[in-house]
Amino acid sequence: MTPAISLRPRERRLVIVAAAVTGCWAVVSIVVQPLWDQGQDLQRRVEVQSQKLQALNGLMAQAPSVERRYHAVTAAFQVMDAEPAGVAQRTLLDELEQISRQTNVILNLKPRPMKPDDRISRFEVELDAEGAQATLLAFLDALLAMNRLLEVERLHLATIPAKTDRLRATVVLHHLTFQ
Amino acid sequence: MLDLSPAEVRSDVRHREQVRQLATVGVLLAAVLLAGSGWLSLRLARHQRLAARLTQALAQAEPAAAVVRERLRTAALVESLMEDRWRLLAALSGIFQQTPPSVALDAVTVERSRASIVLRGDADSTQAVLEYIKQLEGLEGVRGVELKYSTRRTTPSGERTAFELLLHQAPEAGKIS
(Lines give C-alpha, C1' and ligand atoms only; values in the text may rest on other atoms or scores of the structure.)
Protein backbone atom coordinates (compact mmCIF):
# COMPACT_ATOMS: atom_id res chain seq x y z
CA MET A 1 0.00 0.00 0.00
CA THR A 2 1.39 3.39 -1.02
CA PRO A 3 1.78 5.82 1.83
CA ALA A 4 -0.57 8.91 1.73
CA ILE A 5 1.24 12.00 0.51
CA SER A 6 1.19 14.52 3.25
CA LEU A 7 1.32 18.10 2.06
CA ARG A 8 2.44 21.01 4.05
CA PRO A 9 -0.25 23.68 4.68
CA ARG A 10 1.44 26.08 2.19
CA GLU A 11 1.55 23.38 -0.49
CA ARG A 12 -2.05 22.43 0.22
CA ARG A 13 -3.12 26.04 -0.25
CA LEU A 14 -1.26 26.20 -3.54
CA VAL A 15 -2.98 23.01 -4.72
CA ILE A 16 -6.40 24.42 -3.74
CA VAL A 17 -5.73 27.71 -5.56
CA ALA A 18 -4.49 25.81 -8.63
CA ALA A 19 -7.58 23.57 -8.56
CA ALA A 20 -9.87 26.61 -8.24
CA VAL A 21 -8.17 28.38 -11.15
CA THR A 22 -8.34 25.22 -13.29
CA GLY A 23 -11.99 24.70 -12.37
CA CYS A 24 -12.83 28.28 -13.26
CA TRP A 25 -10.96 27.99 -16.58
CA ALA A 26 -12.81 24.77 -17.37
CA VAL A 27 -16.22 26.29 -16.60
CA VAL A 28 -15.42 29.42 -18.61
CA SER A 29 -14.14 27.54 -21.65
CA ILE A 30 -16.77 24.77 -21.61
CA VAL A 31 -19.87 26.78 -20.65
CA VAL A 32 -19.37 30.55 -20.67
CA GLN A 33 -17.28 31.00 -23.85
CA PRO A 34 -19.54 28.89 -26.16
CA LEU A 35 -22.59 30.65 -24.77
CA TRP A 36 -20.96 34.03 -25.36
CA ASP A 37 -19.88 33.11 -28.93
CA GLN A 38 -23.30 31.73 -29.79
CA GLY A 39 -24.89 34.88 -28.37
CA GLN A 40 -22.62 37.09 -30.49
CA ASP A 41 -23.41 35.07 -33.64
CA LEU A 42 -27.12 35.29 -32.97
CA GLN A 43 -26.87 39.01 -32.30
CA ARG A 44 -25.13 39.52 -35.65
CA ARG A 45 -27.80 37.39 -37.35
CA VAL A 46 -30.53 39.42 -35.69
CA GLU A 47 -28.88 42.66 -36.82
CA VAL A 48 -28.59 41.44 -40.42
CA GLN A 49 -32.19 40.20 -40.44
CA SER A 50 -33.40 43.46 -38.89
CA GLN A 51 -31.68 45.40 -41.66
CA LYS A 52 -33.22 43.09 -44.27
CA LEU A 53 -36.64 43.53 -42.74
CA GLN A 54 -36.14 47.30 -42.63
CA ALA A 55 -35.16 47.26 -46.31
CA LEU A 56 -38.22 45.13 -47.12
CA ASN A 57 -40.44 47.50 -45.18
CA GLY A 58 -38.91 50.41 -47.09
CA LEU A 59 -39.60 48.61 -50.35
CA MET A 60 -43.15 47.79 -49.30
CA ALA A 61 -43.70 51.44 -48.38
CA GLN A 62 -42.82 52.27 -52.00
CA ALA A 63 -45.20 49.58 -53.30
CA PRO A 64 -48.08 51.96 -54.21
CA SER A 65 -45.81 54.26 -56.23
CA VAL A 66 -44.06 51.27 -57.84
CA GLU A 67 -47.46 49.83 -58.71
CA ARG A 68 -48.50 53.13 -60.31
CA ARG A 69 -45.22 53.28 -62.30
CA TYR A 70 -45.61 49.66 -63.38
CA HIS A 71 -49.22 50.11 -64.49
CA ALA A 72 -48.28 53.29 -66.35
CA VAL A 73 -45.56 51.52 -68.35
CA THR A 74 -47.57 48.35 -68.93
CA ALA A 75 -50.54 50.41 -70.08
CA ALA A 76 -48.34 52.31 -72.55
CA PHE A 77 -46.33 49.32 -73.76
CA GLN A 78 -46.80 45.69 -74.51
CA VAL A 79 -44.45 44.61 -71.77
CA MET A 80 -45.60 41.10 -71.03
CA ASP A 81 -45.63 38.62 -73.82
CA ALA A 82 -49.06 37.04 -73.67
CA GLU A 83 -48.67 35.35 -77.05
CA PRO A 84 -46.30 32.50 -77.88
CA ALA A 85 -42.86 33.74 -78.96
CA GLY A 86 -43.36 32.89 -82.64
CA VAL A 87 -46.72 34.70 -82.82
CA ALA A 88 -45.32 37.81 -81.09
CA GLN A 89 -42.44 37.93 -83.57
CA ARG A 90 -44.79 37.60 -86.55
CA THR A 91 -47.05 40.33 -85.11
CA LEU A 92 -44.04 42.67 -84.79
CA LEU A 93 -42.92 41.96 -88.35
CA ASP A 94 -46.50 42.53 -89.59
CA GLU A 95 -46.62 45.86 -87.77
CA LEU A 96 -43.29 46.90 -89.30
CA GLU A 97 -44.58 45.96 -92.76
CA GLN A 98 -47.72 47.95 -92.12
CA ILE A 99 -45.72 51.06 -91.11
CA SER A 100 -43.55 50.72 -94.21
CA ARG A 101 -46.66 50.54 -96.42
CA GLN A 102 -48.24 53.55 -94.67
CA THR A 103 -45.09 55.65 -95.06
CA ASN A 104 -44.31 54.39 -98.57
CA VAL A 105 -40.91 52.94 -97.73
CA ILE A 106 -39.35 49.81 -99.26
CA LEU A 107 -38.59 47.51 -96.36
CA ASN A 108 -36.50 44.37 -96.05
CA LEU A 109 -36.57 42.45 -92.80
CA LYS A 110 -33.92 40.06 -91.50
CA PRO A 111 -35.15 38.40 -88.32
CA ARG A 112 -32.47 36.75 -86.21
CA PRO A 113 -32.90 33.91 -83.70
CA MET A 114 -34.40 34.89 -80.38
CA LYS A 115 -32.03 35.23 -77.42
CA PRO A 116 -33.87 34.11 -74.30
CA ASP A 117 -32.61 35.54 -71.02
CA ASP A 118 -33.73 34.54 -67.53
CA ARG A 119 -36.56 37.07 -67.57
CA ILE A 120 -36.27 39.00 -70.85
CA SER A 121 -36.42 37.64 -74.37
CA ARG A 122 -34.63 39.62 -77.06
CA PHE A 123 -35.77 39.20 -80.61
CA GLU A 124 -33.36 40.87 -83.01
CA VAL A 125 -34.48 42.17 -86.40
CA GLU A 126 -32.42 43.99 -88.95
CA LEU A 127 -34.44 46.42 -91.05
CA ASP A 128 -33.26 47.75 -94.35
CA ALA A 129 -35.51 50.61 -95.39
CA GLU A 130 -35.27 52.75 -98.48
CA GLY A 131 -37.27 55.80 -99.44
CA ALA A 132 -37.35 59.51 -100.01
CA GLN A 133 -35.90 61.58 -97.16
CA ALA A 134 -39.27 62.71 -95.80
CA THR A 135 -40.90 59.27 -96.00
CA LEU A 136 -37.91 57.52 -94.47
CA LEU A 137 -37.84 59.97 -91.55
CA ALA A 138 -41.60 59.43 -91.15
CA PHE A 139 -40.95 55.67 -91.08
CA LEU A 140 -38.27 56.07 -88.40
CA ASP A 141 -40.57 58.35 -86.43
CA ALA A 142 -43.38 55.77 -86.56
CA LEU A 143 -40.92 53.01 -85.66
CA LEU A 144 -39.74 54.82 -82.55
CA ALA A 145 -43.32 55.62 -81.58
CA MET A 146 -44.37 51.94 -81.55
CA ASN A 147 -45.88 50.77 -78.27
CA ARG A 148 -43.50 47.84 -78.09
CA LEU A 149 -40.32 47.53 -76.08
CA LEU A 150 -37.86 48.26 -78.84
CA GLU A 151 -34.19 48.94 -78.36
CA VAL A 152 -32.37 50.51 -81.30
CA GLU A 153 -29.00 48.78 -81.21
CA ARG A 154 -27.66 50.38 -84.38
CA LEU A 155 -29.00 52.93 -86.85
CA HIS A 156 -27.23 53.71 -90.08
CA LEU A 157 -28.77 56.39 -92.23
CA ALA A 158 -27.08 57.08 -95.56
CA THR A 159 -27.61 58.58 -98.95
CA ILE A 160 -27.67 56.25 -101.95
CA PRO A 161 -24.95 57.22 -104.45
CA ALA A 162 -26.96 56.44 -107.58
CA LYS A 163 -30.23 57.93 -106.28
CA THR A 164 -29.59 61.39 -104.89
CA ASP A 165 -33.10 62.02 -103.58
CA ARG A 166 -33.35 58.77 -101.65
CA LEU A 167 -32.03 57.55 -98.31
CA ARG A 168 -31.35 54.11 -96.93
CA ALA A 169 -31.66 53.22 -93.26
CA THR A 170 -30.29 50.09 -91.70
CA VAL A 171 -31.67 49.55 -88.22
CA VAL A 172 -30.79 46.74 -85.85
CA LEU A 173 -33.70 46.45 -83.43
CA HIS A 174 -34.16 44.40 -80.28
CA HIS A 175 -37.71 43.58 -79.35
CA LEU A 176 -37.84 42.87 -75.63
CA THR A 177 -40.51 40.88 -73.88
CA PHE A 178 -40.70 39.91 -70.23
CA GLN A 179 -41.37 36.28 -69.47
CA MET B 1 -7.43 40.50 23.87
CA LEU B 2 -5.15 37.86 25.23
CA ASP B 3 -5.65 34.37 23.86
CA LEU B 4 -4.83 31.91 26.55
CA SER B 5 -5.88 28.80 24.63
CA PRO B 6 -3.30 26.15 24.02
CA ALA B 7 -1.32 26.38 20.77
CA GLU B 8 -3.08 23.33 19.21
CA VAL B 9 -6.52 24.83 19.82
CA ARG B 10 -5.39 28.17 18.37
CA SER B 11 -4.02 26.46 15.28
CA ASP B 12 -7.20 24.44 14.91
CA VAL B 13 -9.38 27.54 15.16
CA ARG B 14 -7.21 29.38 12.61
CA HIS B 15 -7.39 26.41 10.26
CA ARG B 16 -11.18 26.25 10.52
CA GLU B 17 -11.36 29.99 9.91
CA GLN B 18 -9.24 29.60 6.75
CA VAL B 19 -11.40 26.72 5.52
CA ARG B 20 -14.54 28.82 6.07
CA GLN B 21 -13.04 31.74 4.16
CA LEU B 22 -11.98 29.44 1.37
CA ALA B 23 -15.44 27.92 1.19
CA THR B 24 -17.02 31.38 1.08
CA VAL B 25 -14.71 32.47 -1.76
CA GLY B 26 -15.45 29.20 -3.60
CA VAL B 27 -19.20 29.61 -3.22
CA LEU B 28 -19.00 33.23 -4.35
CA LEU B 29 -16.93 32.25 -7.38
CA ALA B 30 -19.35 29.45 -8.25
CA ALA B 31 -22.27 31.84 -7.80
CA VAL B 32 -20.64 34.38 -10.13
CA LEU B 33 -20.03 31.70 -12.74
CA LEU B 34 -23.55 30.34 -12.39
CA ALA B 35 -25.12 33.78 -12.55
CA GLY B 36 -23.00 34.66 -15.60
CA SER B 37 -23.92 31.45 -17.37
CA GLY B 38 -27.59 31.97 -16.52
CA TRP B 39 -27.53 35.53 -17.83
CA LEU B 40 -25.83 34.36 -21.03
CA SER B 41 -28.35 31.55 -21.46
CA LEU B 42 -31.25 34.00 -21.03
CA ARG B 43 -29.67 36.39 -23.53
CA LEU B 44 -29.17 33.52 -25.95
CA ALA B 45 -32.77 32.37 -25.59
CA ARG B 46 -34.02 35.95 -26.15
CA HIS B 47 -31.88 36.31 -29.28
CA GLN B 48 -33.06 32.93 -30.54
CA ARG B 49 -36.72 33.97 -30.10
CA LEU B 50 -36.03 37.30 -31.82
CA ALA B 51 -34.17 35.60 -34.69
CA ALA B 52 -37.02 33.12 -35.15
CA ARG B 53 -39.60 35.96 -35.20
CA LEU B 54 -37.49 37.91 -37.71
CA THR B 55 -37.05 34.84 -39.92
CA GLN B 56 -40.81 34.32 -39.90
CA ALA B 57 -41.49 38.00 -40.65
CA LEU B 58 -38.97 37.92 -43.51
CA ALA B 59 -40.51 34.76 -44.93
CA GLN B 60 -43.97 36.37 -44.82
CA ALA B 61 -42.83 39.66 -46.39
CA GLU B 62 -40.56 38.14 -49.05
CA PRO B 63 -43.15 37.02 -51.67
CA ALA B 64 -44.87 40.42 -51.76
CA ALA B 65 -41.51 42.19 -51.78
CA ALA B 66 -40.31 39.99 -54.65
CA VAL B 67 -43.34 41.08 -56.70
CA VAL B 68 -42.67 44.76 -55.90
CA ARG B 69 -38.96 44.31 -56.72
CA GLU B 70 -39.78 42.65 -60.03
CA ARG B 71 -42.25 45.38 -60.96
CA LEU B 72 -39.74 48.05 -59.98
CA ARG B 73 -37.10 46.46 -62.22
CA THR B 74 -39.57 46.14 -65.08
CA ALA B 75 -40.69 49.76 -64.73
CA ALA B 76 -37.07 50.95 -64.49
CA LEU B 77 -36.12 48.93 -67.58
CA VAL B 78 -39.04 50.24 -69.63
CA GLU B 79 -38.32 53.80 -68.49
CA SER B 80 -34.67 53.43 -69.44
CA LEU B 81 -35.71 52.14 -72.89
CA MET B 82 -37.99 55.14 -73.28
CA GLU B 83 -35.19 57.45 -72.17
CA ASP B 84 -32.93 55.86 -74.77
CA ARG B 85 -35.48 56.33 -77.56
CA TRP B 86 -35.96 59.93 -76.50
CA ARG B 87 -32.20 60.53 -76.48
CA LEU B 88 -31.83 58.97 -79.91
CA LEU B 89 -34.57 61.19 -81.33
CA ALA B 90 -33.13 64.25 -79.57
CA ALA B 91 -29.63 63.48 -80.86
CA LEU B 92 -30.81 63.04 -84.46
CA SER B 93 -33.01 66.10 -84.30
CA GLY B 94 -30.16 68.16 -82.77
CA ILE B 95 -27.70 67.00 -85.44
CA PHE B 96 -30.07 67.80 -88.31
CA GLN B 97 -30.94 71.19 -86.84
CA GLN B 98 -27.29 72.11 -86.31
CA THR B 99 -26.26 71.06 -89.82
CA PRO B 100 -25.78 74.27 -91.85
CA PRO B 101 -26.42 74.45 -95.61
CA SER B 102 -22.65 74.46 -96.19
CA VAL B 103 -22.45 70.91 -94.80
CA ALA B 104 -23.99 67.86 -96.50
CA LEU B 105 -24.26 64.63 -94.56
CA ASP B 106 -23.80 61.35 -96.44
CA ALA B 107 -24.20 58.98 -93.52
CA VAL B 108 -25.22 59.02 -89.88
CA THR B 109 -24.49 55.94 -87.77
CA VAL B 110 -25.71 55.59 -84.20
CA GLU B 111 -24.15 52.81 -82.11
CA ARG B 112 -25.96 52.25 -78.83
CA SER B 113 -23.37 49.93 -77.30
CA ARG B 114 -20.51 52.34 -78.02
CA ALA B 115 -22.57 55.41 -77.10
CA SER B 116 -21.33 57.09 -80.23
CA ILE B 117 -22.62 58.70 -83.40
CA VAL B 118 -20.55 58.80 -86.58
CA LEU B 119 -21.26 61.53 -89.13
CA ARG B 120 -19.82 61.37 -92.61
CA GLY B 121 -20.24 64.00 -95.26
CA ASP B 122 -18.67 66.94 -96.99
CA ALA B 123 -18.54 70.68 -96.50
CA ASP B 124 -17.67 73.80 -98.45
CA SER B 125 -14.37 74.21 -96.59
CA THR B 126 -12.34 72.90 -93.65
CA GLN B 127 -13.38 76.04 -91.77
CA ALA B 128 -17.05 75.04 -92.23
CA VAL B 129 -16.26 71.60 -90.74
CA LEU B 130 -14.55 73.18 -87.72
CA GLU B 131 -17.51 75.49 -87.15
CA TYR B 132 -19.87 72.50 -87.48
CA ILE B 133 -17.83 70.66 -84.82
CA LYS B 134 -18.21 73.65 -82.46
CA GLN B 135 -21.97 73.64 -82.97
CA LEU B 136 -22.22 69.89 -82.39
CA GLU B 137 -20.20 70.20 -79.18
CA GLY B 138 -22.94 72.43 -77.84
CA LEU B 139 -25.60 69.74 -78.29
CA GLU B 140 -27.22 68.28 -75.19
CA GLY B 141 -25.96 64.79 -74.40
CA VAL B 142 -22.78 65.18 -76.45
CA ARG B 143 -19.61 64.75 -74.40
CA GLY B 144 -17.19 65.52 -77.18
CA VAL B 145 -16.70 65.58 -80.95
CA GLU B 146 -13.67 63.96 -82.56
CA LEU B 147 -12.59 64.74 -86.10
CA LYS B 148 -11.58 61.39 -87.62
CA TYR B 149 -10.43 62.85 -90.93
CA SER B 150 -10.89 65.81 -93.21
CA THR B 151 -9.70 65.77 -96.86
CA ARG B 152 -10.03 68.20 -99.70
CA ARG B 153 -11.55 66.59 -102.77
CA THR B 154 -12.40 67.73 -106.23
CA THR B 155 -15.99 66.87 -107.10
CA PRO B 156 -18.21 67.76 -110.10
CA SER B 157 -19.66 70.57 -107.95
CA GLY B 158 -16.17 71.95 -107.15
CA GLU B 159 -13.72 71.65 -104.26
CA ARG B 160 -15.26 70.01 -101.18
CA THR B 161 -13.93 68.91 -97.79
CA ALA B 162 -14.89 65.34 -96.98
CA PHE B 163 -14.99 64.60 -93.26
CA GLU B 164 -15.88 62.05 -90.65
CA LEU B 165 -16.84 63.03 -87.12
CA LEU B 166 -17.26 60.88 -84.05
CA LEU B 167 -19.67 62.20 -81.45
CA HIS B 168 -19.18 60.75 -77.98
CA GLN B 169 -22.45 60.69 -76.10
CA ALA B 170 -22.65 61.41 -72.38
CA PRO B 171 -22.43 58.16 -70.31
CA GLU B 172 -26.13 58.08 -69.42
CA ALA B 173 -26.98 58.70 -73.07
CA GLY B 174 -25.59 55.35 -74.17
CA LYS B 175 -26.72 53.32 -71.22
CA ILE B 176 -29.49 50.79 -71.27
CA SER B 177 -30.25 48.20 -68.62
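Biologist: How do α1(A) and α1(B) lie, roughly parallel or roughly perpendicular to each other?

Modeller: This is a predicted model, in which local features need pLDDT of at least 70, side-chain atom pairs count only at pLDDT 80 or more, and totals for chains, interfaces and linings use all residues. Residues are numbered from 1 along each chain as its sequence is written, with chains lettered from A and ligands numbered from 1 in the order in which they are written. α1(A) and α1(B) pack at an angle of about 20 degrees, and are therefore roughly parallel to each other. Angles under 35 degrees count as roughly parallel, over 145 as roughly antiparallel, 65 to 115 as roughly perpendicular and the rest as oblique.

Biologist: How far apart are the axes of α1(A) and α1(B)?

Modeller: Their axes are 7 Å apart. Axes are lines fitted to C-alpha atoms, for helices over the stretch in contact, and angles run from 0 to 180 degrees between N-to-C directions. Helices (H or I, at least four residues) and strands (E, at least two) are DSSP runs, numbered from the N terminus.

Biologist: Which hand does the crossing have, and what classes of residue are in the contact?

Modeller: α1(A) passes α1(B) in a left-handed crossing. A crossing is left-handed if the near helix is turned anticlockwise from the far one by less than a right angle, and right-handed if clockwise. The contact of α1(A) with α1(B) has 28 nonpolar, 12 polar and four charged residues. Here Ala, Val, Leu, Ile, Met, Phe, Trp, Tyr, Cys and Pro count as nonpolar, Asp, Glu, Lys and Arg as charged, and the others, Gly among them, as polar.

Biologist: And α2(A), at what angle does that pack with α1(B)?

Modeller: Helix α2 of chain A, residues 63-76, packs with α1(B) at about 45 degrees, with the axes 9 Å apart. That makes α2(A) oblique to α1(B). The crossing of α2(A) and α1(B) is left-handed. By class, this contact has eight nonpolar, one polar and four charged residues.

Biologist: Which residues of α2(A) and α1(B) meet?

Modeller: From α2(A), they are A:Ala63, A:Val66, A:Glu67, A:Arg69, A:Tyr70 and A:Val73. On α1(B), they meet B:Val68, B:Arg71, B:Leu72, B:Thr74, B:Ala75, B:Val78 and B:Glu79. Two residues are in contact if their C-beta atoms, placed from the backbone, lie within 7 Å.

Biologist: Stepping back, how many residues of chain A are in contact with chain B?

Modeller: 41 residues of chain A are in contact with 43 residues of chain B. On the chain A side, α1 (9-61), α2 and β4 (150-159) are the elements that give two or more residues. α1(A) gives the most, with 21 residues. By class, that side has 27 nonpolar, seven polar and seven charged residues.

Biologist: How much of each chain counts as buried?

Modeller: For chain A, 18% of the 179 residues; for chain B, 16% of the 177 residues. A residue is buried if 20 or more other C-beta atoms lie within 10 Å of its own, exposed if 12 or fewer, and partly exposed in between, with C-beta atoms placed from the backbone.

Biologist: Which members of the largest nonpolar core touch the most others?

Modeller: A:Leu136, A:Phe139 and A:Ala169, out of 42 residues. The largest share of this core, eight residues, comes from helix α1 (residues 7-98) of chain B. A nonpolar core is a set of buried Ala, Val, Leu, Ile, Met, Phe, Trp, Tyr and Cys residues joined through C-beta atoms within 7 Å. Beyond four places in sequence, A:Leu136 is in contact with A:Val105, A:Ala129, A:Gly131, A:Leu167 and A:Ala169.

Biologist: What about B:Ala115, buried or exposed?

Modeller: B:Ala115 counts as buried because it has 20 C-beta neighbours inside 10 Å. B:Ala115 is in the loop between β1 (103-111) and β2 (116-123) of chain B, and has a positive phi of about 50 degrees although it is not a glycine.

Biologist: Where is A:Asn104 found?

Modeller: A:Asn104 is in the loop between α3 (85-103) and β1 (106-111) of chain A. Its phi is positive too, about 60 degrees, and it is not a glycine. With 13 C-beta neighbours inside 10 Å, A:Asn104 counts as partly exposed.
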